[in-house]
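Please look over the sequence and the coordinates below before reading on. The paragraphs that follow go from the overall layout to the contact between two parts of the chain, and then to the confidence of the model.

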Amino acid sequence: MRTKSLKKNKINVITLGCSKNVYDSEVLMGQLRASGKDVEHEAPAEREGNIIVINTCGFIDNAKAESVNMILEYADKKDKGLVDKVFVTGCLSERYRPDLEKEIPNVDQYFGTTELPQLLKALGADYKHELLGERLTTTPKNYAYLKIAEGCDRPCSFCAIPLMRGKHVSQTIEKLVKEAEGLAKNGVKELILIAQDLTYYGLDLYKKRNLGELLEALVKVEGIEWIRLHYAFPTGFPMDVLEIMKREPKICNYIDIPLQHISDSILKSMRRGTTQAKTTQLLKDFRAAVPGMAIRTTLIVGYPGETQEDFEILKDFVQEMKFDRMGCFAYSHEENTHAYLLEDDVPDDVKQARANEIMELQSQISWDLNQEKVGKVFKCIIDRKEGAHFVGRTEFDSPDVDNEVLIDAAKHYVKTGDFVNIKIIEATEFDLYGEPA
């Protein structure tokens, strides 16, 4: 006879995918905690819990495979009696629920991206409206993500996000300010603004692009010292944001603007609503308005019909623009997207070789840019201690994806969560080494 279920239920939430999923998991855990539930994020094996919630990603093939493997792993643990219940939520579940229910039937229940109240009910908790903005943050105490909008109205041919996240819905400025104030009270000093598309913020609520007004409100929140912008779409970017960025010291001179490609024929097929000339001008305008700003981008190689000539155009652009930060992905052929109608005609090995070539190019650019930082002093936030180093970041670096500043813990002590002026003494392509100035 099994006695396991006599134990007090403990819920373990596992998050896969992007920062928007991290945010959703934090909201879920905040609601569970408010209902008196014992909940932990990605608990180690010895205290794993008997109820598992997997928040999945369904964006591209690799992410889908990771999510499916995680579901299978816990479905197997449930079969063996190691856990009692397994629930699956998030983008993969939103997009492929019928298939998942058929292929992995011993998951207790699948939920989509908008079914938080139903998921809470299945976990024996109530959805509390008054908890809007209350979250159990999983990031280091000094920074947190602030999701300012959900969904996307852009028609990009390669992207499945609107299928999983729906239409663009902005949160009100009042709600976001209240959430930021709550985070600041808990010791958060850096807000990372995320959305599928920051550029579109406010159009649905205020009938205009209103990112600038939101920033003006957020800089007034006491305790918040850095505000960082992630995922701004290049078409229709609200240029008043640059003027605020330059004027307001709290807004990091940093922007993440996924460009995806630059060849006009590929941009047209991708339905990006822009051209190489317009994009190049936009980046020049950014740098003129905020000298020294760090621009992060992501690119896709191996899109259907991408010729060697298209790829050379992209390489030349990368060389010319010298992005501070970059990620490059091999195209993933996603069903139900517009591009799925096209032939996926670039072989996988060519896609991978092109991605490697772009990243090799970027690696040299990063090396050169980082060497220029040696001998200079930067205000850094200290995120954690890891091994023999304290690990911090400059305002030009976002957590998990960008450069880190490593400080030798045997020689220097800095407090995690604090801002410290750090002099850079050495640099590699993706790391800076420094000491307190």
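**Domains and their interface**

The domain assignment divides the protein chain into domain 1, covering 11-130, domain 2, covering 137-372, and domain 3, covering 376-436. The model is predicted. Its mean pLDDT is 92, and 98% of the residues in the protein chain reach 70 or more.

The pair formed by domain 1 and domain 2 is taken up here. Their C-alpha centres are 27 Å apart. On the side of domain 1, 19 residues are in contact with domain 2, where 23 residues take part. Between these two domains an area of about 1,900 Å² is buried, and carbon and sulfur atoms give 55% of that area. Within domain 1, the residues that lose the most area to domain 2 are Lys20, Tyr23 and Arg95; together they make up 37% of what that side buries.

With Glu334 it forms a salt bridge in which the closest N and O atoms are 2.7 Å apart. Between domain 1 and domain 2 there are 6 salt bridges by count. In polar contact across this interface are 12 residue pairs, with both residues at pLDDT 80 or more.

Which helices each supply at least two residues of the side of domain 1 that touches domain 2? They are α1 (19-34), α2 (61-79) and α3 (91-103). The largest share comes from α1, which provides 8 residues of that side. By residue class, the side of domain 1 that touches domain 2 holds 7 nonpolar, 5 polar and 7 charged residues.

**Salt bridges in the whole structure**

Over the whole structure, the search finds 39 salt bridges. One of them joins Glu115 to Arg97, with 2.8 Å between the closest N and O atoms. This pair links distant parts of the chain, the two residues being 18 residues apart. Arg97 is in helix α3, whereas Glu115 lies in the loop between β5 (109-110) and α4 (116-122). Helix α3 is also one of the helices that supply at least two residues of the side of domain 1 that touches domain 2.

**Where to read with care**

How values were computed: Residues are numbered from 1 along each chain as its sequence is written. This is a predicted model: local features need pLDDT of at least 70, side-chain atom pairs count only at pLDDT 80 or more; totals for chains, interfaces and linings use all residues. Side-chain values use heavy atoms; hydrogens and water are left out. Domain bounds come from an automatic or database domain assignment. Contact means heavy atoms within 4.5 Å. Buried area is the accessible area (1.4 Å probe) that two parts lose on being put together, summed over both. A salt bridge is a side-chain nitrogen of Lys or Arg within 4 Å of a carboxyl oxygen of Asp or Glu. A polar contact is a pair of N or O atoms within 3.5 Å; within protein, one must be able to donate a hydrogen and the other to accept it, and residues adjacent in sequence count only if both atoms are side-chain atoms. Helices (H or I, at least four residues) and strands (E, at least two) are DSSP runs, numbered from the N terminus. Ala, Val, Leu, Ile, Met, Phe, Trp, Tyr, Cys and Pro count as nonpolar, Asp, Glu, Lys and Arg as charged, and the others, Gly among them, as polar. pLDDT is the predictor's confidence in each residue, from 0 to 100.
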